[in-house]
Amino acid sequence: MSSASRTRWSGAARPLLAGAAALLCLAAAAPEAGAAEASTGPQAQKQAQKQSQKQDWQRNGKRDWQKGRPRGDAPGGTKPGWGANRGGKPGSPDRQDKRRRAGGGSGPGRQGRPGGAGGRPPMFVGVDRVLKGPLTQTEPVIGRIVATRKGVVAARVSGSVVAIDVAIGDRVKRGQVLARQDTSSTEARLAYESAELKLAEQELKRFEALRTNRSAAFARSRYDTAVHRVARARANVRLVRLAIEGAIVTAPYDGVVVRKATELGAYLKDGAAVVELLNDTEVEVEADVPADRLRGLRPGTIVTFRLRDGGVPRQARVRTVLPMQNALTRTQAVRFLPLGAAPQGRLSINQSLTVDVPVGAARVAVSVHKDAIVNRGDRRLVFVVKGGRAVPRTVELGAAIGTRFVVLAGLAPGDVTVVRGNERLRPGQPVRHRPLMGTAANTRPGNRSPAERPPAN
């Protein structure tokens, strides 16, 4: 193509290129203009206003919940409780809305929920009755478990030990073999004495025949000597047999072997110790009681004792008061016989325990458990359950007897008092407790006066 042709082609294409560039610029500017028009138009203003109202509703709704006022529905058709805190956390609009729909309100001061004014649910408490009955003031005294049978099992004959059939700690029954002694020499002596007895019996038979036939050879003195000889031979045979039997040492009663006093091959004389045996099933309680506290401990008096390892209280009866006083401590030993079945675990001899020794005679009084007392300044209050609510009462108390107080004024026998959870109660607050089925059903171990506690199983 010649230079003139190229000049004419470029001059014709230049307007076309300029028009295409203008169209491209208009196409690129159109979205930006539309966006600018949309951002400043009525629709954008309406959306911004709706978002601002939603935020205000969330803030005001939370404040209204704290004040106890209903929030109403969210602006813009939003469901109640739906907002920024939709996660179900305590206090969120979603959680409070669910509680309100369930009938429980949304905070303090809500109405219509079971539990009465304020919408508080009933509080579960422990209760105890006010009792009227004999009470005995007691004083704790340290005691111990003692065995009624404990001692050394001795050998009954002399001889060397050929067998020991028990070890320390073995539990044995009455009549069980404990040890054996050598009886070889005793058995030989038994054979000799048996032969002497047989000879004496034959001689006595010959003299009896002469006596029966009225023979002139019969002599009264020789006949009497034969009779005595037979009796002596029989006694010797019996002694030897007893020696053989005594060489077997047996248990005189049920118990536990606590000590061995001999070994295999040792020679024992009659009366020497073989083992020491202890009966831990038949036990008593012994306590050193001050002399000025013995007036309430007549034989047959029922007292309460408890092991110092946290066991349940048990009862015992005074068996005897030993007539011997300790010159240093001014106390006397008193023996008590435990009542009821033995505990699951075996008792240990010399195990420590506490005995509630009565100070004086029993008296009839109205009493309340110590845990029912609530101190409010100078006042002593007791919450009484009336109509499912806790009603406070001011009480006047007397002496403390065991786990109870003597009531001088303010309560009547049969009143149900709160003994667990009363420190958090408010006057008139609804409460719940387990059904009461009598004095024995609602009183826990350790809450009864000594006169009311049954024998422990």
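Biologist: Which residue's side chain meets the side chain of arginine 229 in a salt bridge?

Modeller: This is a predicted model, in which local features need pLDDT of at least 70, side-chain atom pairs count only at pLDDT 80 or more, and totals for chains, interfaces and linings use all residues. Residues are numbered from 1 along each chain as its sequence is written, and side-chain values use heavy atoms, with hydrogens and water left out. A salt bridge here is a side-chain nitrogen of Lys or Arg within 4 Å of a carboxyl oxygen of Asp or Glu. At 3.9 Å, N to O, the partner that arginine 229 meets is glutamate 196.

Biologist: How many residues apart in sequence are the parts that this pair ties together?

Modeller: Helices (H or I, at least four residues) and strands (E, at least two) are DSSP runs, numbered from the N terminus. Arginine 229 lies in helix α5 (residues 220–246) and glutamate 196 in helix α4 (residues 184–212), so the pair ties together parts whose separation in residues is 33.

Biologist: Is arginine 229 buried, partly exposed or exposed?

Modeller: Buried means under 20% relative accessible area, exposed over 50%, and partly exposed in between, with a 1.4 Å probe and protein chains only. Since arginine 229 has 26% relative accessibility, its class is partly exposed.

Biologist: In which strand does the arginine that meets aspartate 371 lie?

Modeller: The side chain of aspartate 371 meets that of arginine 420 in a salt bridge of 2.7 Å, N to O. Aspartate 371 is in the loop between β18 (363–369) and β19 (374–376), 49 residues apart from its partner, and arginine 420 is in strand β24.

Biologist: In the hairpin of β22 and β23, which residue takes a positive phi?

Modeller: Strands β22 (residues 396–401) and β23 (residues 404–409) run antiparallel and are joined by 4 bridges; two strands pair if DSSP finds at least two bridges between them. The hairpin has 2 residues between the strands, and the residue with a positive phi, near 65°, is glycine 402.
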